[in-house]
Amino acid sequence: MTDLTALIAALPKAELHLHLEGSLEPEMMFALAKRNGVKLKYGSVEEIRAAYDFSNLQDFLDLYYQGMGVLLTEADFYDLTFAYLKRVHADNVKHVEVFFDPQAHMERGVSFETVLNGVTSALKDGEGEFGVTYKLIMCFLRHLSEEEAFELLSIAEPHLSQIYGVGLDSSELGHPPSKFQRVFAKARELGLKLVAHAGEEGPPEYVWEALNLLNIDRIDHGNASALDDTLLAEIKSRELTLTMCPLSNQRLCVTEDLTENPLARLLRAGVRVTVNSDDPSYFGGYINDNYLAITKALNLSADEIVELARNSFKGAFLPEAEKNAYLAEIDRISV
Ligand code: HPA
Ligand code: ZN
């Protein structure tokens, strides 16, 4: 295991499923609350961590939206994003494709530009300081309406040089991908890449909708695909990547136990699966913690760990030449 821990640490990796707001550590939550004069309902960092005991996705989302209430200024979004980049640089992450949830801030009176400027300045500075390259993905909150998603897309339109793709997150059950078919078609027309959370708590039918109605380029989570062999065959034939998040699945009770996570089965069935942290400050681990936990729970071999790291670059929205450079770096490390 020591060898595998060292291998995980040494491998260059891309993180493809990360909500910036979910990287808000309790320490920073306190610091920003103080800086902004926001009153928290917790008295200490320990109290916040103790509250992170979830039985499903909605339980988590309630605290996630509450926690991000301390993010008000451009400097707050900058600090949040920069801290995440610094942390994953230590895990040997070379490239990130990160989500942000503008609607959750705009409904608190924070402007779209405040959020975007803070996030993008930190992404640029992080690339300069740590060499971590990036793409930014703007998510639509699926519990809100199609009309509100269209409104967000039109607000974002003048800024599309800074946004690479759109995603779909928040409460999955009762909000199928079909609800956003038209707004995703419009995003595609605008030249954006398309991803969507599907099959985290929702059934295989939601993954089918993401494939066939939204025409997504990548699936976030996708756990439910393991329940439908025809769907798995379709995902394989389209060479779609699944951005899986094992510690998140465990903490949100999507899987009863890490040993039951479908990741290894999908990997062994030839699906391009990747390992990611989702909301690391809420789920108890960054990317290497996720690799390590799943390696132990599912008995992954060194070759399988290397394959997961390779998949992270293959599934990234990077030009072929850049992907190949990272894959060559992995080859040098894994021989
Ligand atoms: N699922 C859906 N929405 C989210 C998540 C998640 O795991 N994290 C942040 N928003
Ligand atoms: Zn997610």
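Which exposed residues does the face of H9 turned away from its buried side carry? The structure examined here is a predicted model, in which local features need pLDDT of at least 70 and side-chain atom pairs count only at pLDDT 80 or more, while totals for chains, interfaces and linings use all residues. Residues are numbered from 1 along each chain as its sequence is written, chains are lettered from A and ligands numbered from 1 in the order in which they are written, and side-chain values use heavy atoms, with hydrogens and water left out.

Helix H9 spans residues 181–189, where helices (H or I, at least four residues) and strands (E, at least two) are DSSP runs numbered from the N terminus. Within H9, Val183, Phe184 and Ala187 are buried, a term that means under 20% relative accessible area, as against exposed at over 50% and partly exposed in between (1.4 Å probe, protein chains only). These three residues lie on the same side of H9, because they cover an arc of only 100 degrees around the axis, the arc being that of the directions from the helix axis to the C-beta atoms. The opposite face, turned away from the buried side, carries the exposed residues Arg182 and Glu189. An α-helix has 3.6 residues a turn, so residues three or four places apart point the same way.

The buried residues of H9 pack against strand E3 (133–141), helix H8 (146–156), strand E4 (165–169) and strand E5 (193–198), with contact taken as heavy atoms within 4.5 Å. Between H8 and H9 the packing angle is about 15 degrees and the axes are 9 Å apart; axes are lines fitted to C-alpha atoms, for helices over the stretch in contact, and angles run from 0 to 180 degrees between N-to-C directions. H8 is therefore roughly parallel to H9, since angles under 35 degrees count as roughly parallel, over 145 as roughly antiparallel, 65 to 115 as roughly perpendicular and the rest as oblique. In this contact, Glu146, Ala149, Phe150 and Leu153 of H8 meet Arg182, Val183, Lys186 and Ala187 of H9.

Backbone angles were also examined. Just after H9, Gly191 takes a positive phi of about 90 degrees. Most residues other than glycine have a negative phi, and most peptide bonds are trans. Asn215, however, has a positive phi near 55 degrees and is found in the loop between helix H10 (204–212) and strand E6 (218–221), where Asn215 is partly exposed, with a relative accessible area of 43%.
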